[in-house]
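Here are my notes on the model you sent. Please read them beside the structure.

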Amino acid sequence: MKDKPFAITLEVGSSLANKTGAWRSERPVYVDRLPPCNDACPAGEDIQGWLYRAEEGDYEGAWRLLVQENPLPAIMGRVCYRPCEGACNRAQLDEAVGINAVERFLGDEALRRGWRFDPPPADTGKRVLVVGGGPCGLSAAYHLRRFGHAVRIVDADHRLGGMMQAGIPAYRLPREVMAAEIDRIIELGVEVELGTRIGDVERARRDGGFDAALVAVGAQLSHRVDIPAGDSARIVDALSLLRSVEDQAPIEVGRRVAVYGGGDTAFDAARTARRLGATDAVVVYRRNRERMPAHDAELDEAEAEGIKIRWLSTVVHADEGRLVIEKMRLDESGFPQPTGELEELEADSLVLAVGQDTDLSLVQGVSGVSVEDGVVEVGNDLMTGHPGIFAGGDAVPGERSVTTAVGHGKRAARRIDSYLKGEAGRPDADRELASFEHLNTWYYADAPRQVRPELDVARRSTTFDEVVGGLDESNALFEARRCLSCGNCLECDNCYGVCPDNAVLKLGPGQRYAIDYDYCKGCGICVAECPCGAITMVPEAI
Ligand SMILES: Cc1cc2nc3c(=O)[nH]c(=O)nc-3n(C[C@H](O)[C@H](O)[C@H](O)COP(=O)(O)OP(=O)(O)OC[C@H]3O[C@@H](n4cnc5c(N)ncnc54)[C@H](O)[C@@H]3O)c2cc1C
Ligand code: SF4
Ligand code: SF4
Ligand code: SF4
């Protein structure tokens, strides 16, 4: 786009135009609107900004901008549910920009080339305790180090990563990728204490001389359901199954496996069972597809691997080698109701994947901290009712995802920094959203979305090799260039060229443009011809 000879470029005031005088009623001004992708990213990434750098081939610059907000792009590029793409304006033109694929490319490129984070500033003398080394705790530790605070992560597990390690299977998130991104954070000087379960966060904070603490303990407990079962029925919970694989001691599930649940964990358990040798893996779910919480990508990949689904079904009894299933129907409010219609399903084991609960014993008895519906109550600043104790990730209300946890970690770190400095937290800047209507799409060429390669289905059911591959450089570059730069100047020179009065000043590469109002008549052509909605008309001050 940038090299397109859009514009005839004359010097300001070089045409026959005269100075405007006082008749203009509106004037154009340059704006930076908020791209909808940025708005939708739970980690608060400046997506348009890093795509803009990537599309010029400045991958390191793009990565450095990205990690201002999120230190785990190679992980994000594999596990994020991509709400940014759901909001992308390009979807109204053809298909959403493959933001996540470019993010993965940048993350992988950084690992391949050994790019490091900038060293942290001088120590502030403040110390923060982070309980939990999952994505929330890791993100918080990263941002706190960048403020110069000392951080100690304490985790009950013998390795960092939280559910990224204990839950998400290696065929979706290779462990060497995860470990490399975690190590890069720890290298900033984060202290780590593994194998220690904190029983009382306030006491740990006091005894350790910490100035603040973050509770980032996730939702580590499998939710329990009571299914009547014979003595020899084999019932296992999904988290135990996934953890056992991670610990290289997989639980025996047999050749015919039924998984009860409808979230992503259910499909991860079924796909893992396939890789452990199950020939039949069936997900039993009480509702229908519209009401299933699992994401489309997970369901599609599972179905491609031969996972079957019993919709509108519940398990009423488990015995050795067989389950009794009851058909369900949805009532007017979409709630499943029993029909009394029973069927048998042959299954050597039943895997329960019906959600996770949080063990919040570490905040019980801490004055001011309240727990509601199994999660910690926090304010907008992620602080609990106890000054200096913050909480985030799966342990607080909200969506449970790696990206949300990373976003919480960042927000908590920023608020902890304000708290430690005795400042009121700065509210996020309010920017107008760059909607599709702000764009002049005439200027954008057709460009099909690049597709990521996938491992052959035949090889998927026997190995834990990564299923979805990454884009190569030329595809990633092409994908980055599909971005419309919504609401932010892409320096195409259009306004500079179309202005009939040559009132637009070009300030130089990266410096953008300015308007010489002595010459601008307020005709608004620049606004109409800006491809990305980066100029708006405002009423003239009277
Ligand atoms: C099977 C599965 C698959 C998933 N797949 C995806 C996916 O593809 N994409 C996605 O975005 N999200 C996915 N999620 C959800 C995602 O993993 C979580 O939302 C995210 O990891 C939450 O991050 P967190 O930091 O809050 O907690 P966690 O990742 O759970 O980490 C919490 C950490 O705290 C430690 N801890 C707990 N209690 C204590 C204590 N008292 N003292 C010390 N340490 C303690 C734990 O050992 C753990 O390491 C998945 C979840 C599961 C279960
Ligand atoms: S983290 Fe997720 S939502 Fe944010 S840019 Fe990446 S893919 Fe999009
Ligand atoms: S086109 Fe680019 S800036 Fe616009 S929403 Fe999509 S990714 Fe974001
Ligand atoms: S403001 Fe719009 S028209 Fe002017 S250079 Fe930037 S993108 Fe192009």
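**Notes on the ligand shells and a pocket**

1. The shell around ligand 3 has ten nonpolar, two polar and no charged residues. Here Ala, Val, Leu, Ile, Met, Phe, Trp, Tyr, Cys and Pro count as nonpolar, Asp, Glu, Lys and Arg as charged, and the others, Gly among them, as polar. Among the residues around ligand 3 are Cys37, Cys88, Cys483 and Cys486. "Around" means a heavy atom within 4 Å.

2. This is a predicted model: local features need pLDDT of at least 70, side-chain atom pairs count only at pLDDT 80 or more, and totals for chains, interfaces and linings use all residues. Residues are numbered from 1 along each chain as its sequence is written, chains are lettered from A and ligands numbered from 1 in the order written, and side-chain values use heavy atoms, without hydrogens and water.

3. Ligand 1 has 36 residues around it; Val79, Asp155, Arg172, Gln220 and Asp394 come nearest. By class, 17 are nonpolar, twelve polar and seven charged.

4. Which backbone atoms sit 3.0 Å from ligand 1? A polar one of Cys136 lies at that distance from a ligand oxygen. A polar one of Ala156 lies at that distance from a ligand nitrogen. A ligand nitrogen is also 3.2 Å from an N or O atom in the side chain of Tyr81.

5. Charged residues number 17 in the lining of the second largest pocket, beside eleven nonpolar and eleven polar ones. Helix H14 (402–421) gives the largest share of that lining, eight residues. Helices are DSSP runs (H or I) of at least four residues, numbered from the N terminus.

Technical notes: Helix = DSSP H or I, 4+ residues; strand = E, 2+ residues; numbered from the N terminus. Polar contact = N/O pair within 3.5 Å; in protein donor to acceptor, adjacent residues only side chain to side chain.
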